[in-house]
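Me: Here is a structure whose charged side-chain contacts I would like to go through with you.

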Amino acid sequence: KMKEEIFNNNTKNFSNLDTPKLILDEEGCQLWFKKEFVNIYKGKAYLTLEFVNTYIPASPETTSFADIFTEILNEKLNTQLYPASMINYTWKITASVKGDCRISINVAGPTENLFYITNFILKYFLSLKKNFNELVSKQDFRNARIKIRRKYEKLQSSNSYLIGLLASAAIQDENLWSPEARFECLENITYEDMESYTIEFFSSCVVSGFLNGDVPNFTDENPFTESLSLIRELFENNLGINKDSYHFPSSYVFPSSNEYSIYPKTSKDDTSSSIFMIFQTGFRADMYTKTMTELTAHIMHSALTSVLRTEYQLGYLVSIDLRINNETVGIVISVLSLYTTDYLKSVIESVLQKWCSRNIPTDELQNKYIKPFLEFYNNGIQSEQVSIARLSFDAINNGANDSVMMKQHKSYWQQITDRTFSFASNYSGKDKIDLELLKNLTGDEFMKFIRTY
């Protein structure tokens with residue numbers, strides 16, 4: 001049942017609902033909701049449900065199991081839900097991008113039948129748990145494993161830039177296993193293992209959900225009612241077991257230096273070279289560090305990208321991005337080029353040194369950089385941030401889903417799955433920052449911050 005006080009507090013005035021609100025917080029189950037009023041959401045809604053098993057430990061094998069499992073689920077449900085795709089619904093079952101034992105249901109489309117599709121998927125989960133042998137043949141399992149093997153092989157043979165992108169994520173967040181480690185485990189998984197995994201996965205979970213869009217007020221109707229009933233039946237009311245002792249994925253803190261460089265190696269046929277320079281500035285929970293890091297990423301992108309790409313002509317791709325991890329924040333400079341990595345690093349370091357040696361007057365900082373940045377921020381446009389969590393939404397990129405709305409949903413969901421809950425009061429959905437700090441920031445304080453890192 002809904003907890004009355006949570007329900008009442010969060011449904012009093014939906015016209016002022018500018019960030020997601022927690023409308024259910026029971027042991028092992030959290031549901032978040034955001035009603036949208038802008039016209040682009042008219043008649044549309046977006047839902048994510050995530051299930052995290054707190055008994056199966058994080059490992060490459062766990063990730064491989066989840067990849068095969070979700071491949072089987074998507075293949076089986078594709079035929080049954082095909083009519084829904086014809087009326088502008090998109091859906092996908094995705095495996096964890098955090099390396100632990102979790103899967104997600106992502107559904108987007110017209111509000112009217114959104115929960116019908118969600119509940120259809122949950123009912124299929126129930127059937128699969130009870131009758132795995134009847135619903136999944138050994139050939140189904142082999143086909144799914146072949147598809148996942150090809151996916152791993154494709155990652156292994158990727159160009160240096162993609163390898164570097166994956167490596168830069170793996171050295172900052174826990175449990176982001178290499179394609180090689182996953183591939184090795186994949187080959188040892190049998191049909192019988194898959195059946196045992198399915199039963200074990202559905203034995204106990206922590207559940208999180210987020211719904212936003214043009215949906216009824218919860219005071220009129222609770223669209224989660226049937227879904228919650230199915231979830232409780234699926235997990236036999238074993239929600240939240242072992243939650244307090246479970247280690248949710250965290251981030252690595254660089255031990256001695258704030259900067260770490262990656263020089264990805266690929267096959268001899270790949271003539272390109274890449275470099276990723278990662279500057280870790282601090283913890284995501286530190287509002288000052290997070291605010292200053294986002295501003296710095298914005299200014300560096302504006303001031304230095306064209307210098308590296310055009311003036312020095314370093315390569316095909318030059319990017320300076322904000323990096324938001326599970327628990328840390330930073331900035332990543334990445335280049336895809338034909339030059340050697342030693343040359344790339346020397347040029348980047350020279351440009352950075354020159355940029356950091358100058359003094360930016362407060363007037364220039366405020367008028368040239370901070371005011372435009374705040375305009376973007378208040379309109380819901382923030383610095384592009386690299387986030388491994390967003391990859392789980394790659395499947396829902398068409399049909400009912402408009403890019404602006406899906407970006408917002410992804411940004412809110414990233415904070416829910418990362419357990420930070422620091423929502424900005426704008427349409428971006430990204431992490432909240434200290435606006436007053438920026439409005440009063442001096443050139444000297446800004447330069448002191450960037451010279452530290």
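The questions and answers below concern salt bridges and their surroundings.

Reply: This is a predicted model, in which local features need pLDDT of at least 70 and side-chain atom pairs count only at pLDDT 80 or more, while totals for chains, interfaces and linings use all residues. Residues are numbered from 1 along each chain as its sequence is written, and side-chain values use heavy atoms, with hydrogens and water left out.

Me: How many salt bridges does a search of the whole structure find?

Reply: A salt bridge here is a side-chain nitrogen of Lys or Arg within 4 Å of a carboxyl oxygen of Asp or Glu. With that criterion, the number found by searching the whole structure is 22.

Me: Which helices do Lys-138 and Glu-192 lie in?

Reply: The side chains of these two residues, Lys-138 and Glu-192, form a salt bridge at 3.7 Å, N to O. Helices are DSSP runs (H or I, at least four residues), numbered from the N terminus. The pair ties together parts that are 54 residues apart in sequence, because Lys-138 belongs to helix 6 and Glu-192 to helix 9.

Me: Is Arg-284 buried or exposed?

Reply: Arg-284 meets Asp-418 in a salt bridge of 2.8 Å, N to O. Buried means under 20% relative accessible area, exposed over 50% and partly exposed in between, with a 1.4 Å probe and protein chains only. The relative accessibility of Arg-284 is 2%, so Arg-284 counts as buried.

Definitions and conventions:
Helix = DSSP H or I, 4+ residues; strand = E, 2+ residues; numbered from the N terminus.
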